[in-house]
Amino acid sequence: QVQLVESGGGLVQAGGSLRLSCAASGLIVSINSMGWYRQPPGKQRELVAAIRGSSTNYADSVKGRFTISTEYAKNTVYLQMSSLKSEDTAVYYCAADLTTLTTTLRRYWGQGTQVTVFS
């Protein structure tokens, strides 16, 4: 089994910064990709950023403000968020496509961490 645990969420003023972390644990063999999604109140979950190897992908709304990075040796993905806006308020979920000792490639999700941006 695999568990993804997010941390770093909280309350932050508009224009400020926040760094989210997500650590995956379990008998992981390989990680294909990792990413962050978010779900604002009353809206659907959307992709924020993803990373596969050295390739990254960002939602247009966060380009230039957010940076995704990984430490594969630690099975950890980060999301550095800067110049935060009120519309960034959401529950942020990390995700990983990975293979374990007993399972083939599949998507795993964290439980989410709340990010609230106020002005």
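**Salt bridges, sheet and surface patch in a predicted model**

A salt bridge, defined as a side-chain nitrogen of Lys or Arg within 4 Å of a carboxyl oxygen of Asp or Glu, is formed by D88 with R38, with the closest N and O atoms 2.9 Å apart. This pair links distant parts of the chain, since D88 is in the loop between β8 (76–81) and β9 (90–100) and R38 is in strand β4, 50 residues apart. Both D88 and R38 are buried, a class set at under 20% relative accessible area, with exposed meaning over 50% and partly exposed in between (1.4 Å probe, protein chains only). The model is predicted, and local features need pLDDT of at least 70, side-chain atom pairs count only at pLDDT 80 or more, and totals for chains, interfaces and linings use all residues. Residues are numbered from 1 along each chain as its sequence is written, and side-chain values use heavy atoms, with hydrogens and water left out.

The structure holds six salt bridges. Among them, K63 forms one with D60, the closest N and O atoms being 3.0 Å apart, and D60 is exposed, with a relative accessible area of 66%. In another, the side chains of D97 and R107 meet at 2.4 Å, N to O; because D97 lies in strand β9 and R107 in strand β10 (residues 106–109), this pair ties together parts that are 10 residues apart in sequence. D97 counts as buried at 15% relative accessibility, whereas R107, at 29%, counts as partly exposed. Salt bridges that share partners also join R38, E46, R65 and D88 into one network.

Strands are DSSP runs (E, at least two residues; helices are H or I, at least four), numbered from the N terminus, and two strands pair if DSSP finds at least two bridges between them. Four strands form an open sheet in the order β1-β3-β8-β7, with antiparallel pairing. The edge strands, each pairing on one side only, are β1 (2–7) and β7 (66–71). Six bridges join β7 to β8, which run antiparallel, and S69 stands opposite Y78 in β8.

L27 is found in the loop between β3 (18–26) and β4 (28–39) and is exposed, with a relative accessible area of 57%.
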